[in-house]
2 protein chains.
Amino acid sequence: MIVDEKMIAFANRLADASGAVIRPYFRQRIEVTHKPGVHAFDPVTEADRGAERAIRAIIDRERPQDAILGEEYGEKPAGLSANKWRWVLDPVDGTRAFITGRHEWGSLIALEHDGVPVLGILDQPVLGERFIGVNGRAVLLEGEKRTVLKVRECPALKDATLCATDPSAYMSPDEQDAFARVKAVARLTRYHGDCYIFAMLAMGFVDVVIEGPLHRWDIAAMIPLVEGAGGIITGWDGEPWREGSRTLACGDARVHEQAIKLLGGRQ
Amino acid sequence: MIVDEKMIAFANRLADASGAVIRPYFRQRIEVTHKPGVHAFDPVTEADRGAERAIRAIIDRERPQDAILGEEYGEKPAGLSANKWRWVLDPVDGTRAFITGRHEWGSLIALEHDGVPVLGILDQPVLGERFIGVNGRAVLLEGEKRTVLKVRECPALKDATLCATDPSAYMSPDEQDAFARVKAVARLTRYHGDCYIFAMLAMGFVDVVIEGPLHRWDIAAMIPLVEGAGGIITGWDGEPWREGSRTLACGDARVHEQAIKLLGGRQ
């Protein structure tokens with residue numbers, strides 16, 4: 001499925017609109033509320049909600065037939081003449097970083113066709129960084145500067161830099177044990193970063209990202225981004241990511257195989 | 001001890017020179033070497049070394065009597081007419097973030113007078129952020145924009161956001177236990193960040209920073225920065241930081257007291 005230039009431009013406009021809403025909230029006193037849910041502390045910001053509203057308004061106006069799935073405002077089914085397009089949105093992924101004044105968060109905008117993510121944007125409007133994966137390629141745009149993203153080689157897990165957002169908060173005890181087996185072999189492990197660590201993998205500075213179960217809006221944009229940079233992103237079992245999968249992303253297929261074994265898949 | 005404008009301008013020039021050296025290395029393939037030392041993985045970059053050489057060259061040329069202590073090139077004693085000034089340098093604090101393409105590192109430049117840190121700069125040349133603490137004030141400079149830094153109130157540890165770089169790597173088992181006692185009470189704990197988390201505390205987004213023993217070049221610049229923003233930075237025992245101290249920084253004195261008790265000081 002090739003995404004045409006017009007659709008890519010539309011996706012970029014969504015990211016522009018989202019960033020314009022979010023940017024003024026960063027490092028301001030923001031309202032933090034609590035949602036019932038899986039995690040003990042899951043802040044929701046006005047920035048997140050305002051940006052999702054801004055994106056939805058544009059889609060509703062210009063592409064009213066498209067379906068939408070967003071973290072904040074749920075699902076909008078496709079119109080009667082269902083066109084197989086769906087936008088998957090999470091305008092502030094990495095809310096804990098955001099509310100502590102740190103930069104490792106991003107706005108996630110994915111476009112799915114018939115359930116398959118075919119375009120993924122990670123936009124960091126404060127840094128002015130936009131990572132885009134589409135049509136088998138991935139790039140970082142910084143103003144006029146365009147950098148092609150390419151994962152790096154890493155033949156062996158022992159040489160790998162491993163990232164995960166927060167195993168102690170987001171993984172079950174069994175999952176933490178599995179993660180610890182990979183960590184014991186990897187050269188360096190770094191925590192936190194949410195979507196941003198997938199971007200660093202796509203850029204060739206991180207070799208392995210391991211996360212527990214993610215929501216679709218956390219992962220959909222990451223799939224075209226990682227794959228477009230030549231990486232692999234699957235469940236812990238090596239199978240394509242699906243609802244309920246735990247997430248494994250690797251830059252090098254050899255490390256991917258090693259990680260799957262240690263995580264307990266394909267034994 | 002008031003630091004005059006001329007000296008502040010000189011310190012800013014050192015940071016400018018350092019940033020100019022470091023900036024091109026970020027997100028490039030960099031040479032990573034290993035030093036013997038406390039930590040299992042302690043990368044040293046060309047950026048770090050080049051920036052320290054650039055800073056030292058300026059000091060040697062324009063203020064040859066000043067003493068220098070730098071992470072990479074050691075100590076230069078003060079000249080015969082010892083003038084009590086010493087520069088304490090760590091051009092890339094947060095090397096692990098740097099080599100993984102992440103932004104939470106900074107260039108630390110401190111000025112001591114008679115052993116007391118009186119000026120501290122945390123410069124992030126890629127983000128264009130410069131945090132400066134001097135003469136009882138702290139500011140963030142971003143180009144022409146100047147933001148006065150002020151810690152936030154936080155009456156109780158249970159409401160606090162706690163940060164630490166990496167207890168599992170940089171703290172002894174006993175220290176990790178003490179840290180865990182604070183973490184058990186705090187509302188939210190975030191890892192990594194090195195110097196950058198002190199800046200977020202000065203800015204009012206983080207309430208407590210706990211680190212194990214730090215080198216002087218890791219902490220000297222943080223003292224005027226945190227104190228200038230109205231915060232408190234001491235050893236775990238609440239006493240002024242000295243060689244060998246473990247580090248506790250808080251925005252609110254009430255949380256500082258609570259943390260000291262849990263860490264095992266002043267019981």
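**Cavity and sheet in a predicted model**

The largest cavity has a volume of about 90 Å³, a volume being the space filled by probe spheres set on grid points joined across faces, edges and corners. This is a predicted model, in which local features need pLDDT of at least 70, side-chain atom pairs count only at pLDDT 80 or more, and totals for chains, interfaces and linings use all residues. Residues are numbered from 1 along each chain as its sequence is written.

Reader: What makes this a cavity?
Author: On a 1 Å grid over the protein atoms alone, a cavity is a set of points where a 1.4 Å probe fits but cannot get out. By this rule the count is 1 cavity of 30 Å³ or more.

Reader: Which residues line the largest cavity nearest its centre?
Author: Lining residues have an atom within 4 Å of a point. There are 13, with R102(A), E104(A), R102(B), E104(B) and H192(B) nearest the centre.

Reader: Why are β4 and β10 of chain A called edges?
Author: Strands are DSSP runs (E, at least two residues), numbered from the N terminus, and two of them pair if DSSP finds at least two bridges between them. The open sheet of chain A has the order β4-β3-β5-β6-β7-β8-β9-β10, with mixed pairing. β4 (74-76) and β10 (145-148) of chain A each have a single partner strand, so one side of each lacks a neighbour in the sheet.

Reader: How do you know that β5 and β6 of chain A pair?
Author: The rule asks for at least two bridges; 7 join β5 (residues 85-93) to β6 (residues 106-113) of chain A, and the two strands run antiparallel. In this pair, D93(A) stands opposite G106(A) of β6(A).

Notes
Chains are lettered from A and ligands numbered from 1 in the order in which they are written. Side-chain values use heavy atoms; hydrogens and water are left out. On a 1 Å grid over the protein atoms alone, a cavity is a set of points where a 1.4 Å probe fits but cannot get out, and a pocket is an open set with protein on both sides within 12 Å along at least five of seven lines; lining residues have an atom within 4 Å of a point. Helices (H or I, at least four residues) and strands (E, at least two) are DSSP runs, numbered from the N terminus.
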